[in-house]
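Please take a moment to look over the sequence and the fold shown below before reading on. The report that follows moves from a pocket to the strands and then to single residues.

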Amino acid sequence: VDATVEQIKKCADMGIDIVRITVQGMKEAKACEGIKKKLLEDGYKTPIVADIHFTPKVALVCADFVDKVRVNPGNFTEGRKSFDTIDELSEEDIKEAQGAIEEA
């Protein structure tokens, strides 16, 4: 908590308008309360955005103590997210993917 508070203060003192902190799990989510409290006590009102991946419960815990919660909707699921592994792409696969990107 103290190290994060000091980092946010340094950013604010340099003129940063908003900070984003990574909140990986429940421990970090609960720490958001202390971070925000210490900043406010020291006169810092820099908005804090909690960056959440994978765990909806973590977002709900820290939401009361930060100004915004950023979720990655592609990763924001109940439980662990798994990713397919691509071992090999053919030239045709690559051209198909490039075509889809160009259309978007």
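How many nonpolar, polar and charged residues does the lining of the largest pocket have by class? The lining has 6 nonpolar, 3 polar and 2 charged residues, where Ala, Val, Leu, Ile, Met, Phe, Trp, Tyr, Cys and Pro count as nonpolar, Asp, Glu, Lys and Arg as charged, and the others, Gly among them, as polar.

This is a predicted model, in which local features need pLDDT of at least 70 and side-chain atom pairs count only at pLDDT 80 or more, while totals for chains, interfaces and linings use all residues. Residues are numbered from 1 along each chain as its sequence is written, and side-chain values use heavy atoms, with hydrogens and water left out.

**Overall layout**

The protein has 4 helices and 3 strands, and along the sequence they follow the pattern α-β-α-β-α-β-α. Here helices (H or I, at least four residues) and strands (E, at least two) are DSSP runs, numbered from the N terminus. Of the 104 residues of the protein, 25% count as buried, a word that stands for under 20% relative accessible area, whereas exposed stands for over 50% and partly exposed for values in between (1.4 Å probe, protein chains only). Among the contacts with a separation of 6 or more, 54% come from residues 24 or more positions apart, a contact being heavy atoms within 4.5 Å.

**The largest pocket**

The largest pocket has a volume of about 160 Å³. On a 1 Å grid over the protein atoms alone, a pocket is an open set of points where a 1.4 Å probe fits, with protein on both sides within 12 Å along at least five of seven lines, and lining residues have an atom within 4 Å of a point. Grid points are joined across faces, edges and corners, and the volume is the space filled by probe spheres set on the points. Among the residues that line this pocket are V1, T4, Q7, I21, K27, E28 and I35. Helix α1 (2-13), strand β1 (19-22) and helix α2 each supply at least two residues of the lining, and α2 gives the most, with 5 residues.

**The sheet**

The 3 strands form an open sheet in the order β1-β2-β3, with parallel pairing; two strands pair if DSSP finds at least two bridges between them. Strands β1 and β3 (68-71) stand at the edges with a single partner strand each, so one side of each is left without a neighbour in the sheet. Neighbouring strands of this sheet are turned by 30 degrees against each other on average, direction ignored, with axes taken as lines fitted to C-alpha atoms and angles running from 0 to 180 degrees between N-to-C directions.

Between β1 and β2 there are 4 bridges; R20 has V49 of β2 as its bridge partner, and I21 has A50. In a regular strand the side chains alternate between the two faces of the sheet.

| Residue | Relative accessible area | Class |
|---|---|---|
| K36 | 14% | buried |
| T46 | 11% | buried |
| F54 | 23% | partly exposed |
| K68 | 55% | exposed |

K36 belongs to helix α2 (residues 26-41), and, not counting residues up to four places away in sequence, K36 touches T46, I48, F65 and D67. T46 is found in the loop between α2 and β2 (48-52), and with the same exclusion the residues touched by T46 include A12, I16, V19, K36 and D67.

F54 lies in the loop between β2 and α3 (56-62); F54 and V71 are 17 residues apart in sequence, and their C-alpha atoms are 8.5 Å apart in space. K68 lies in strand β3 and, leaving aside neighbours within four places in sequence, is in contact with I48, V49 and A50. The C-alpha atoms of K68 and V49 are separated by 4.7 Å, although these residues are 19 residues apart along the chain.
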